[in-house]
Amino acid sequence: MGTSHRHTPTIHNQPNWGDASSAMTGVATAIDESDKLEKNPPKTLKPSQISKKQSSLDKRIRSNYHRVVRNWMRAVGGRSRVSSGTTKAVGYSGVIMAGGLASVFQEIISNGLDGWLKSRGIESLEGKKCQDILDIIRQYLDTGVAGLDNTAANEALEHILDILGSKMGDDATAYDGVMNEILSAEGIKDLLDEFFGIYIFSHLSQNFKEKLEYDKGTETMCHTMEEIKDLIVDDIRIARSGRSARSIDWSTPDGEAFIKEEFDRILYILSGNED
C-alpha cells in the first residue's frame, strides 16, 4: 500500500529523508543493472570480469540498503528514540507488540499450550487446526494504536505467526512439543529479532515503495523491496548473538528493558553498524 504521501509532514523536508529516498533509488538501480548483467552479459567481458562486476553491484545494493535504513532512522528521530518506543509514529507499536508476543510465548512455555488455552477458556485442542491456535494468539496481541506504526507491527506479527505455522503443521497432538522446541529462551529472542526486522521493513515499504514504483515501475519496485526484505532477514540471522535471554522474565521491567536493548541492537545492524 503506497503511503509515502501521508507520512508525518515534519519528516518530509529533512535532508535525511531525501538521502534515504536517494539510497532506495540506488538499490533499485543496482538491482536493475545486476539483472541485466545476469540475463544479457556483454560478450566483450570474460566470465571473471562479469563475476567481479556482479560482486561490485551486490556490494552497492547492500551499501545502499544500509543507507536507506540509516537515513530513514535519522529522519524519524534517531535510533535511541525508535528503540525506546517513546514515539507513536515509529517504535511504540513495535515495542508493545514485541513485549506482548514474548509474554504470551513465555506463558505457553510455562503452562504448556493446552494449559495456556484452558486459561483462556478453551478446554481442548481437539479439532483445533494450526490456524485456529495462531488466531487465538493473535487476538491477545493488539497494540491499540492505529496508523502506519500499527500496520508495521501487525505485518511483523504475521511474519512470526507464519514461521510458527510452518513448523507446527496440522497435527494437534504435536503442538505442545513443537511450541516447546521453538520457544526456548533463545528461540523467543531469535523470533523477536526477526519481528523487529520485518517491522522495520514494513515501515520502509510503506514510506518508499509508492515513489519507487512511480520512478522505476512496478516490477523493479517489487524486486527491490523483496531484495531489501531478504537482506534484512539475512543480516539478522547472521548476527544472532548479544546478551543471553535465558534468565529473562518477559513480563517484568527487565524483560521490557531487554526488548528495547535488543531492538536497538537490530537497528544498529540494519544501519550497517553506524549511527
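Helix α10 (residues 218-238) and helix α11 (residues 253-270) pack with their axes 10 Å apart and at an angle of about 120°. The arrangement is therefore oblique for α10 and α11; angles under 35 degrees count as roughly parallel, over 145 as roughly antiparallel, 65 to 115 as roughly perpendicular and the rest as oblique. The model is a predicted one, in which local features need pLDDT of at least 70 and side-chain atom pairs count only at pLDDT 80 or more, whereas totals for chains, interfaces and linings use all residues. Residues are numbered from 1 along each chain as its sequence is written, and side-chain values use heavy atoms, with hydrogens and water left out.

Helices (H or I, at least four residues) and strands (E, at least two) are DSSP runs, numbered from the N terminus. Axes are lines fitted to C-alpha atoms, for helices over the stretch in contact, and angles run from 0 to 180 degrees between N-to-C directions. The crossing of α10 and α11 is right-handed; a crossing has this hand if the near helix is turned clockwise from the far one by less than a right angle, and is left-handed if anticlockwise. Ile232, Asp235 and Ile236 of α10 make the contact with Ile266, Ile269 and Leu270 of α11, contact meaning heavy atoms within 4.5 Å. These residues divide into five nonpolar, no polar and one charged. Ala, Val, Leu, Ile, Met, Phe, Trp, Tyr, Cys and Pro count as nonpolar, Asp, Glu, Lys and Arg as charged, and the others, Gly among them, as polar.

Helix α10 also meets α3. The axes of α3 and α10 cross at roughly 85° and come within 11 Å, so the two helices are roughly perpendicular to each other. On the α3 side, Ile61, Arg62, Tyr65 and His66 meet Glu227, Ile228, Leu231, Ile232, Asp234 and Asp235 in α10. Five nonpolar, one polar and four charged residues make up this contact. Isoleucine 50 is also found in α3 (residues 47-75). Leaving aside residues up to four places away in sequence, isoleucine 50 touches Leu37, Pro41, Pro42 and Leu45. Its C-alpha atom is separated by 8.6 Å from that of glutamate 38, twelve residues apart along the chain.

A further helix pair is formed by α5 (residues 92-119) and α8 (residues 175-182), whose axes come within 9 Å and cross at roughly 165°. The two are therefore roughly antiparallel to each other, and α5 passes α8 in a right-handed crossing. Ile108, Ile109, Gly112, Leu113 and Asp114 of α5 make the contact with Tyr175, Asp176, Met179 and Asn180 of α8. By class, this contact has five nonpolar, two polar and two charged residues.

A search of the whole structure finds one cavity of 30 Å³ or more. On a 1 Å grid over the protein atoms alone, a cavity is a set of points where a 1.4 Å probe fits but cannot get out, and lining residues have an atom within 4 Å of a point. The largest cavity holds about 30 Å³ of space. Its lining consists of Ser21, Met24, Thr25, Phe208, Lys211, Leu212 and Asp215. Helices α2 (15-39) and α9 (185-216) each supply at least two residues of this lining, and α9 gives the most, with four residues. Three nonpolar, two polar and two charged residues are present in the lining.

Notes:
1 Å grid on protein atoms, 1.4 Å probe; cavity = no way out; pocket = protein on both sides within 12 Å on 5 of 7 lines; lining within 4 Å. Points joined across faces, edges and corners; volume = space filled by probe spheres on them.
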